[in-house]
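Dear colleague,

Please find below the structure that I am handing over to you. My notes on what was found in it follow directly after.

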Amino acid sequence: MNRILSFIMAIACLLPTGAMASAPLRDGDIDITAPSAILMEKETGEVLYEKDAHSRGFPASVTKVMTMLLIVEDLEAGKIRLEDTVTASARAASFGGSCVYLEEGEQMSVSDMLKCIAVVSANDCAVAMAEHLSGTEQVFVERMNKRAEELGLENTHFTNCTGLFDDGDHYTTAYDVAVMSRELVRHDVIKEYTTIWMDSIRNGEFELSNTNKLVYWYPGCTGLKTGYTSTAMYCLSATAERDGVEYIAVIMHAGSINDRNNDAKALLNYAFANYTLCSLRSQEALPQVPVELGREAYVDVDYAGEEYALVPKGGGETEYDVRLLDKVHAPVQTGDRLGTLTVTLNGETVAQIPLCAGSDVPRIGFFGILSKLAGSLIGL
């Protein structure tokens with residue numbers, strides 16, 4: 001049986017006394033007035049609080065979280081550029097509600113269109129971008145639903161890209177909004193727009209003021225999207241980041257703007273006060289593992305699995321225990337399991353992370369084996 005190579009590194013730091021995030025809050029543990037809400041940490045996706053978070057309802061303009069996600073994904077894929085020109089169709093220009101009053105044939109950059117969607121929830125710009133990306137809004141909506149399916153959103157279905165219309169078949173949940181919001185804030189470019197408090201378009205002639213007032217008065221707020229109709233009432237996906245930790249608080253169907261904002265603030269305050277992230281990566285370089293009968297003598301070791309765990313604040317000692325096989329026989333394939341990193345806080349296990357081969361190492365051929373045997377015989 002192979003011996004085990006082990007080393008342990010302990011770090012005294014202001015990290016938790018508990019091993020992992022405690023059980024999520026229950027309704028009543030915190031005063032949330034909205035009928036549906038959820039609190040999620042971005043890196044881990046861990047849910048810290050939920051209240052009727054899987055009930056379907058009309059999301060109003062929070063719909064545009066998915067609209068913006070598709071836009072930024074196309075940006076990062078190189079399909080469009082921020083400086084590209086978008087021309088408003090007659091249909092896009094006809095949209096009311098929250099809008100910037102596009103005129104048919106008016107041209108605006110992708111950057112300005114995205115700014116209007118993020119800051120003032122412009123329905124006309126959302127439709128113009130949908131048509132620019134997919135030809136028609138309906139084809140774009142098909143993409144929205146496909147992306148929702150890819151994200152595993154079982155209780156989400158879109159019939160438009162704005163959230164302006166509720167035909168009974170346009171719905172999502174607080175949980176699903178949190179998941180799509182988490183995916184959106186992975187793209188840093190969106191925060192250049194969702195954190196704008198005031199700006200303008202058309203050479204300063206038309207002023208914009210963010211519908212999300214948390215951007216102005218909540219420290220660390222990074223966005224994300226508000227929504228309101230008389231059917232949906234007041235909805236919000238609020239994101240905020242401090243000290244490298246970002247949380248998502250989704251409030252659905254609140255009774256007023258103040259209720260919506262106060263609920264989001266209460267959830268975010270709770271998260272920042274009670275939790276932090278613990279790295280699931282040792283600060284020491286991982287050693288290589290020897291390979292017998294391989295074309296390379298050693299194989300690099302990589303981490304697999306999550307990078308962070310959400311843990312209670314409190315102060316304590318973090319230990320990283322790396323255990324690796326002392327050797328492995330060729331052939332080695334990328335991803336082959338070579339060991340385990342165990343992360344503990346004050347003796348309690350936070351996580352066990354697989355350690356795997358970082359590259360392929362083919363087995364040497366017959367003549368290579370003969371050469372090794374000959375070398376060993378003559379002492380080379």
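I begin with helix H9, whose buried residues are Arg260, Asn261, Asp263, Ala264, Leu267, Leu268, Tyr270, Ala271 and Phe272. Here buried means under 20% relative accessible area, exposed over 50%, and partly exposed in between, with a 1.4 Å probe and protein chains only. Helices (H or I, at least four residues) and strands (E, at least two) are DSSP runs, numbered from the N terminus.

This is a predicted model, in which local features need pLDDT of at least 70 and side-chain atom pairs count only at pLDDT 80 or more, while totals for chains, interfaces and linings use all residues. Residues are numbered from 1 along each chain as its sequence is written, and side-chain values use heavy atoms, with hydrogens and water left out.

The 18 residues of H9 should span 26 Å at 1.5 Å a residue, and this agrees with its end C-alpha atoms, which are 26 Å apart. The expected span is 1.5 Å times one less than the number of residues.

Aromatic pairs

Six aromatic pairs are found in a search of the whole structure. Rings of Phe, Tyr and Trp (its six-membered ring) pair if their centres lie within 6.5 Å; planes under 30 degrees apart count as stacked, over 60 as edge-to-face and the rest as tilted. The Tyr247 and Phe272 rings form an edge-to-face pair, because their centres are 5.1 Å apart and their planes stand at 85 degrees. Tyr247 lies in strand E10 (residues 245–254) and Phe272 in H9 (residues 257–274), so this pair ties together parts that are 25 residues apart in sequence. Both Tyr247 and Phe272 are buried. The rings of Tyr270 and Tyr275 are also edge-to-face, since their centres are 5.9 Å apart and their planes at 65 degrees. Tyr270 counts as buried at 18% relative accessibility, and Tyr275 is buried at 4%.

Phe272 also has Arg242 over its face, at 4.4 Å from the ring centre. Likewise, Arg202 lies over the face of Phe206, at 5.3 Å from the ring centre. For such a placement, NZ of Lys or CZ of Arg must be within 6 Å of the ring centre and within 35 degrees of the ring normal.

Cores

The largest nonpolar core has 66 residues, and Met66, Val100, Cys116 and Met129 have the most contacts inside it. A nonpolar core is a set of buried Ala, Val, Leu, Ile, Met, Phe, Trp, Tyr and Cys residues joined through side-chain atoms within 4.5 Å. A second, separate core of 30 residues includes Leu48, Tyr218, Ala240 and Ile251.

Helix H4

Of the 12 residues of H4, 11 are buried, so this helix is largely enclosed by the rest of the structure. Its buried residues are covered by elements including H1, strand E4 (85–87), helix H2 (90–93), H3 and H5. Asn123 is in H4 and counts as buried at 2% relative accessibility. A polar atom of the Asn123 side chain lies 3.0 Å from the backbone oxygen of Gly96. Leaving aside neighbours within four places in sequence, Asn123 is in contact (heavy atoms within 4.5 Å) with residues including Ser61, Lys64, Thr162 and Leu164. Just after H4, Gly135 takes a positive phi of about 95 degrees.

Whole chain

The protein chain has 10 helices and 19 strands, and 52% of its 380 residues count as buried.

Yours sincerely

Notes. A polar contact is a pair of N or O atoms within 3.5 Å; within protein, one must be able to donate a hydrogen and the other to accept it, and residues adjacent in sequence count only if both atoms are side-chain atoms.
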